[in-house]
Amino acid sequence: MVSCKRVLFRISILPVMMICLSGQALGFSTSISTQKVSWHIQARQVSYEDKRKLYIAENDVIITGGKTRLEADYVEFSDKTKDAFATGNVLFISGNDTITCKSMNVNLSSETGTINQGTVFIQDGNYYISGDKLRKTGEFTYDAEKGSITTCNADTPDWKITGKDIEVTIDGYGHATHATFWAKKMPVLYTPYFIFPAKTTRQTGLLMPMAGYSDDMGLEYQQPLFLALSDNTDATLYPYYMSDRGVMLSGEYRYILSPESKGMIMMSYLKDKTVGDDGDENQDYNISATPDRTNHDRYWFRMKHDQELWYGFKAKLDMDYVSDMDYLRTFTDGFTGFDSTDGEFEEMFGRDLDEETDYIRENSLLVTKNWSSYSLNLQTLWYDNVEARQMDTEDTTLQTLPSVEVFALRQQVGQTGIYYKMDSEVTSFYRQDTTDDLVTGKDAEITGRRADVHPVFYYPIKLGKAFFLEPYTGVRGTLWDTDDFTDSGGDDSNDRNRGLYEVGMDLSTTLSRVFTLDTELVEKIQHKIVPKLEYDYIPFVDQEELPYFDDIDDISEKNIITWSLTNTFTSRNTITDENGDESISYKELFWFKLSQGYDIRYEQDGDDAEDDPWQDLTLKYELNPMQYLQSNGTIAVDPNNSHFTKIQVGGSLSDTRGDSLHISYRYSQSYSHTWKTKISMNLVPDTLGAYYFVESDLEDQKIVETGVGISINRPCWGLNLVFKDESADKAFAFMVTLKGLGEFGTK
C-alpha cells in the first residue's frame, strides 16, 4: 500500500480531492481524461500500483464516465486499457440497463466483459438475464452458460426460460439450447432449441405465431414475418396453414409519407380445398342465406390511403374487393381476418369497413378542399355487388362516377342580418346494367346526370328579452339529363327539371336557474329548459314523371309543427390542484329532449286522412350523474295506440374496484327485439377478472349468444380464456401474453 503523498504525486496533473486522517485515505475523488470519456473515481481508499499500472480502490468504490457507472467493494482499474475488475456487491449501470453480480471483468470503453453469478436487467422490454457465467459481448448482446431469461422481477419469477447456452440480442432475437419453460418452480415445456423475439423497436423478424384447432379450419398455424423496410415503411407477411382448407397467403404494406399522407394495403389469397355447396362432404362449410359457393380461388383485397395534395387539397382512397359472399364471415378471426383488419383501419385512418354481412362493398375516392366558409368535395363511388358478380347476374347497382359538391357553411350576408347556407352538387350516375325499355317511371334503373342547388336563408330575430325567432326560406332547383328514360306517361325526353321551395320558422326561449348545494360532490347545479316550436313547410310537387336515383329525386311534401322541450342539468365544482391553484369544472349530469310532430296535412284531408296527425312522441336522453353510472337512449311511442315503436336504451354501472354491468335493450316495431347483458368482475384488482355476456332474441324467445371468460393480468404475463356459444357454433379461444416476448394463442 502506498501513502497518500505517493498517490497525489502520481496523479498530480489531474484535479484531485483527498482527505487523509491517521495515514488512511477516507475519501478520494479524481477524474481520468480519455479521448471520449472522462472517468471519475471515488472511494474511501485508493492507491496506484506501478508494476501493473492499475488504480486500486476499496470501500464504497464508484467509477463514473458518460452514462456508465460502476459500484463495488473493490475495483482494479487500468487507465490505459480501461479494463476493470470489480468484486463485492457489484453494480454496473450503462444507460438504462444494470448488471448486479458477485464479480466481473469489464472494459469500460467497449462495455464488454465477463460476469460471475449475476443478473443483467435491460429496461427496454424489462428483461432479466441471469446465470453462473454471463458475458456481455457487445453493447446490445449477451450470452449465458446455464442461464435464464424472464421479464418478471421476483426472486422466483412467475415464468422463465432456462437453457444450457442462451444468447440474447436486444432489439433482435434470443436463442437457447436445451431450453425449458418454467412456471414458477415447475418445468412445463422442454425443447432442444428455442428462438424468441427480444425486440424493443420495430425491426425485421418473426412475430409471435397463432395456433389452434377448429371444426371449420382443422389444425391452424399462422406465423407472421415483419419486415422493417425503412423508417417510414414496413410490411408483414402472414402465411396461414389450415389442414382442412389449405394455405392462405396474406401480406400487409404500410407507409407514412408525411403527417397527413399515409396508407395501408392488404391482400389475402387461398386455394380453398372446400366449396360451399350443400353436399354431404361440404355441408359444414355452407353458410345459410347465401348462394352455394363453388369457387376454390378465394381472395380479399383492401386498402386505405390518405394523401395531402397541393393548395390545401386532400384525398382519401378506400378499396374493398372480395371474392365471394361467404369469405368475410368465414375468416373473421386471426391476424388478417375481418375483425383485425377493420380495427387496424379504424385506428390508423378513423374509417372502418362495411359490415362483413354487406354484399355490396363500397370503394371510393374523395378529394376535398376546405375554406373558412366553403368546402368542395370531388367524389367517385363504386359499389361492388359481390352477389351479382358471384352469381353472374345483371348488376344494376347505382354508381357515382363522379360527383362534385360545393357547400357553403352558415354565414351572414354582408351586414344585413340575414344568414344563409347552401348545398349544391353535380353528379353522374352509372350502372353496369340497366333495365329494359319496358320498365318505365321511377322503377326504371337507368343512368344519367343530375345538378341540384339548395340555398337556405335565415333571419334571426330577438323578441324582447326572452324569445328568439328565426324564420327561414329555401329554394331548390334540380336538372336531370338521363339516358333512355321513359316516364309512366310515355314521355321519353331525357331532359327534366324540378323547382320547389320550403319555408319555416323556429320559436324558442331559454329558462334557467342555479341551485346552490355546497356538498362534497356538487357545489352548484344549473337547470336549463329550452322550449321550442318549429314549423316546416314544403308544398306538394308532382314528381311521378321524374327519374329516381336517390332521395333527392323525391322530396316529400311537408306541413308539420313540432314542439320540443329540452332539459339540461349541469354541475359546477371548484377544483384545487396540488399547487393550491383553483379552477372551475363543469359537467353535464343529465340531458333529455321530449319532442313530437303534428302533421297538418292529415288535418286538411279530413275523412280521407290515412293516419292520425300526431307523430311519435320521442324521448332522447343522456344520463351521466357520476363517474360510475352512464346511460343513454331513445324511446318513441305512437300516441294513437300507446304502443312503443322504438326503444334503444343502454347503460353501465361500475364501482371503484372495476366491476361493471352493461345492459342494452333494442326494440323496433319492424325488425328487432333484443336484450344484451355483460357482467365484468374485477375479482382481484388489476390481477384477476371474469366476465359473462348473453344476447337474447325476445321476439323468437331464444338465446342468440352466450359467453364466459376470465382474464389474468400479472406484471410479466397475462392470460385470457373465452368460451362462446352461438346458435350455430361453439368456440373456445385463449391468448397467453408473455410480456417482452409477445402473445400466443387464438384471436
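Student: Is Tyr 299 buried, exposed or partly exposed?

Tutor: This is a predicted model. Tyr 299 has a relative accessibility of 26%, so Tyr 299 counts as partly exposed, since that class lies between the cut-offs of 20% and 50%. Tyr 321 is also partly exposed, because its relative accessible area is 34%.

Student: How is a pair of aromatic rings described?

Tutor: A pair of aromatic rings is described by two quantities, the distance of the centres and the angle of the planes. In this structure there are 19 aromatic pairs. One of them joins Tyr 48 and Tyr 55, with 4.7 Å from centre to centre and 65 degrees between the planes, and this pair is edge-to-face. Both Tyr 48 and Tyr 55 are buried.

Student: Why do the rings of Tyr 299 and Tyr 321 count as stacked?

Tutor: The centres of the rings of Tyr 299 and Tyr 321 are 6.3 Å apart and the planes stand at 15 degrees, so the pair is stacked.

Student: Which residues do ring pairs link into a cluster?

Tutor: The cluster consists of Trp 300, Tyr 327, Phe 331 and Phe 338, linked by ring pairs.

Student: Which charged ends sit over the rings of Trp 300 and Tyr 321?

Tutor: Over the ring of Trp 300 sits the charged end of Arg 302, 3.9 Å from the ring centre. Over the ring of Tyr 321 sits the charged end of Arg 389, at 4.2 Å from the centre.

Student: Where does Arg 293 lie, and is Arg 293 buried or exposed?

Tutor: Arg 293 is found in the loop between strand E21 (261-271) and E22. Its relative accessibility is 1%, so Arg 293 counts as buried. A polar atom of the Arg 293 side chain lies 2.7 Å from the backbone oxygen of Asn 295. The backbone oxygen of Thr 274 lies 3.3 Å from a polar atom of the Arg 293 side chain.

Student: How does one find empty space inside a model?

Tutor: A probe the size of a water molecule is rolled over the atoms, and this shows where empty space is left. Here the count is 2 cavities of 30 Å³ or more. The largest cavity holds about 40 Å³ of space.

Student: Which residues line the largest cavity?

Tutor: Its lining includes Val 322, Met 325, Leu 328, Glu 356, Asp 358 and Arg 361. By class, the lining of the largest cavity has 5 nonpolar and 4 charged residues, and no polar ones.

Student: What is the volume of the second largest cavity, and which strands each supply at least two residues of its lining?

Tutor: The second largest cavity has a volume of about 30 Å³. Strand E7 (83-94), strand E8 (97-107) and strand E9 (112-122) each supply at least two residues of its lining, and E8 gives the largest share, 3 residues. Among the lining residues are Phe 92, Thr 98, Val 120 and Lys 136. By class, this lining has 5 nonpolar, 2 polar and 2 charged residues.

Student: Where is Trp 717 placed?

Tutor: Trp 717 is in strand E43 (residues 717-726). Trp 717 counts as partly exposed because its relative accessibility is 21%.

Notes:
Residues are numbered from 1 along each chain as its sequence is written. This is a predicted model: local features need pLDDT of at least 70, side-chain atom pairs count only at pLDDT 80 or more; totals for chains, interfaces and linings use all residues. Side-chain values use heavy atoms; hydrogens and water are left out. Rings of Phe, Tyr and Trp (its six-membered ring) pair if their centres lie within 6.5 Å; planes under 30 degrees apart count as stacked, over 60 as edge-to-face and the rest as tilted. Buried means under 20% relative accessible area, exposed over 50%, partly exposed in between (1.4 Å probe, protein chains only). A charge sits over a ring if NZ of Lys or CZ of Arg is within 6 Å of the ring centre and within 35 degrees of the ring normal. Helices (H or I, at least four residues) and strands (E, at least two) are DSSP runs, numbered from the N terminus. A polar contact is a pair of N or O atoms within 3.5 Å; within protein, one must be able to donate a hydrogen and the other to accept it, and residues adjacent in sequence count only if both atoms are side-chain atoms. On a 1 Å grid over the protein atoms alone, a cavity is a set of points where a 1.4 Å probe fits but cannot get out, and a pocket is an open set with protein on both sides within 12 Å along at least five of seven lines; lining residues have an atom within 4 Å of a point. Grid points are joined across faces, edges and corners, and a volume is the space filled by probe spheres set on the points. Ala, Val, Leu, Ile, Met, Phe, Trp, Tyr, Cys and Pro count as nonpolar, Asp, Glu, Lys and Arg as charged, and the others, Gly among them, as polar.
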